[in-house]
Every structure is written in C-alpha cells, then in structure tokens.
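Here is a friendly note to read beside the sequence and the model. Please keep both open and look up each residue as you meet it.

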Amino acid sequence: MNLGRALPSRSNRRPRAVLPAVAASAAMLTLAACGDGATSGGGGDTNFVTNTGGVQTVAKGERKAVNKIAGETLEGKQLDVADLKGKIVVLNVWGSWCGPCRAEAPYFAKVAKETEAKGQDVAFVGLNARDANKGAAIAFEKDYGVTYPSIYDPTSKLIVNGFPKGSLNPQAIPSTIVLDRDGKIAARSLKALDDKKLREMIDPLIAEK
C-alpha cells in the first residue's frame with residue numbers, strides 16, 4: 001500500500017499542523033514490514049534509552065505506559081493487555097508470511113513454556129499483523145508450537161495506535177516489546193530473537209523490585 005503519493009497542489013494551502021500526524025502514520029505502516037530488524041530509532045526522545053546488542057531498554061523511572069491494546073484473538077476470544085498488569089508482558093509483533101518471524105517462533109514458544117513452568121509471572125501476547133485471514137496465522141501457531149494468545153490485527157492498527165509518542169514502539173515485523181509489572185514499556189527489539197536474547201530482555205524485569 002503506497003501511503004506516500006504526492007498530494008494535489010491545492011493541499012499545500014491546508015493547515016500544516018495536519019501533515020505530521022499523517023506522515024507519522026504513513027511512516028509507521030511503511031516500517032511495519034518483514035525485514036532483518038535493521039530499522040532503528042526510539043520513537044522520539046531517546047536520551048534515556050540504552051542499547052545493548054540490538055535490545056533497547058528504558059530506566060524504570062522513565063518508562064511510559066502503553067495505550068489501549070485490546071482485541072479479538074485468533075481463537076475468537078477478547079483480550080485486553082491492561083488485564084495482565086502485575087505480570088511481565090512480552091508483546092511479539094509477527095505475521096505468518098514473515099521469514100524472521102518463523103525463525104524466532106520456536107524460541108518464543110520455548111521461553112513462554114519455561115517461564116510458565118517456573119511460575120515467573122510472565123505473559124506472552126502476540127500481535128498478528130497483516131495476515132489477510134486467520135487461517136494462515138492459526139496454522140503458523142500450530143506448526144511452531146505457539147500456545148499463548150495472539151490478537152488479530154490485520155490492519156496494524158494496534159501497532160500504530162497502541163504505543164505512545166516518544167516511547168519504544170514497534171517499527172518492524174518482527175518486533176518485541178516487553179512491559180514491566182506496571183504495564184510500562186521497558187525493552188524493545190526490532191529483529192528476530194533467539195531464546196538467549198529473549199531471556200536477556202525478560203530476566204532483568206523478573207528480578208526487578
């Protein structure tokens with residue numbers, strides 16, 4: 001979908017304040033494409049962000065809460081991420097059509113089962129983006145042993161609107177955002193992860209007091 005076509009010349013006389021919002025949405029949708037995770041940026045004021053091995057983290061006192069992230073899961077149930085407050089929440093943006101998503105899926109399934117078995121209060125939630133129908137996404141989960149729920153987000157609405165300006169937001173598919181127990185954004189990766197890298201995002205938050 002080409003969101004960047006030129007506007008008619010008369011539109012140049014419209015209030016300029018409208019254009020940044022349009023540009024921001026267009027940029028987000030452009031970046032939410034399957035790739036190697038090379039996309040960078042912190043979504044705004046990033047002077048409080050540290051970057052280690054492709055994983056960006058935010059100091060506890062500087063974190064921002066996510067906006068409303070809720071919808072129907074691939075199984076047809078309603079899920080609201082706000083209801084998971086009190087747990088570490090791993091939000092994984094993925095699509096069944098995405099090669100790097102297929103590469104990381106077994107690791108996410110593994111770590112989700114490990115944290116559940118250890119009673120570590122970690123909840124995994126997928127944000128399934130750009131799949132035209134649920135069938136392909138459901139088959140993907142079955143193939144890779146993914147048992148945690150995914151919210152069906154075919155238009156990437158939650159990716160665009162679910163994260164506040166100036167926060168670590170998903171800018172590629174796959175992306176992984178980890179929320180602390182207060183529902184605030186603590187870490188982000190914009191590339192496919194293995195189990196070691198995923199644990200490096202989660203474990204410090206599990207230990208956090």
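The points below go from the overall picture to single residues.

1. **What you are looking at.** This is a predicted model, in which local features need pLDDT of at least 70, side-chain atom pairs count only at pLDDT 80 or more, and totals for chains, interfaces and linings use all residues. Residues are numbered from 1 along each chain as its sequence is written, and side-chain values use heavy atoms, with hydrogens and water left out.

2. **Confidence.** pLDDT is the predictor's confidence in each residue, from 0 to 100. The protein averages 83, and 75% of the residues score at least 70. Be careful with residues 1-32, where pLDDT stays under 50 and the model has 22 contacts beyond four places in sequence; contact here means heavy atoms within 4.5 Å. Residues 36-48 are also below 50, with 29 contacts beyond near neighbours in sequence.

3. **The overall layout.** There are 5 helices and 9 strands. Both are DSSP runs, numbered from the N terminus: helices are H or I with at least four residues, strands E with at least two. Of the 209 residues, 44% count as buried, where buried means under 20% relative accessible area, exposed over 50%, and partly exposed in between (1.4 Å probe, protein chains only). Among contacts with a separation of 6 or more, 73% join residues 24 or more positions apart.

4. **The largest nonpolar core.** A nonpolar core is a set of buried Ala, Val, Leu, Ile, Met, Phe, Trp, Tyr and Cys residues joined through side-chain atoms within 4.5 Å. The largest one has 28 residues, and those touching the most other members are Ile69, Val81, Leu91, Ile151, Phe163, Leu179 and Ile185. Which element gives the most to this core? It is β5, with 4 residues. Another core, of 19 residues, lies apart from it and includes Phe108, Ala112, Ala186 and Leu205. As background, nonpolar side chains tend to be buried together in soluble globular proteins.

5. **A stacked pair.** The whole structure holds 4 aromatic pairs. Rings of Phe, Tyr and Trp (its six-membered ring) pair if their centres lie within 6.5 Å; planes under 30 degrees apart count as stacked, over 60 as edge-to-face and the rest as tilted. Tryptophan 94 and phenylalanine 140 have ring centres 4.6 Å apart and planes at 25°, so they are stacked. Tryptophan 94 is in strand β5 (residues 88-94) and phenylalanine 140 in helix α3 (residues 134-144), so this pair ties together parts 46 residues apart in sequence. Both residues are buried, and together with Tyr144 they form one aromatic cluster.

6. **An edge-to-face pair.** Why is the pair of phenylalanine 108 and phenylalanine 124 edge-to-face? Their planes stand at 90°, with the centres 6.3 Å apart. The pair links helix α2 (residues 99-117), which holds phenylalanine 108, with strand β6 (residues 122-129), which holds phenylalanine 124, 16 residues apart. Phenylalanine 108 is buried at 0% relative accessible area, and phenylalanine 124 is buried at 5%.

7. Serine 167 is in the loop between α4 (157-161) and β8 (175-179). Is serine 167 buried or exposed? With a relative accessible area of 4%, serine 167 is buried. The side chain of serine 167 reaches the backbone oxygen of proline 164 at 2.6 Å. Isoleucine 185 has contacts with both Ser167 and Pro164, and with other residues including Val58, Phe163 and Leu179, leaving aside neighbours within four places in sequence.

Methods. Polar contact = N/O pair within 3.5 Å; in protein donor to acceptor, adjacent residues only side chain to side chain.
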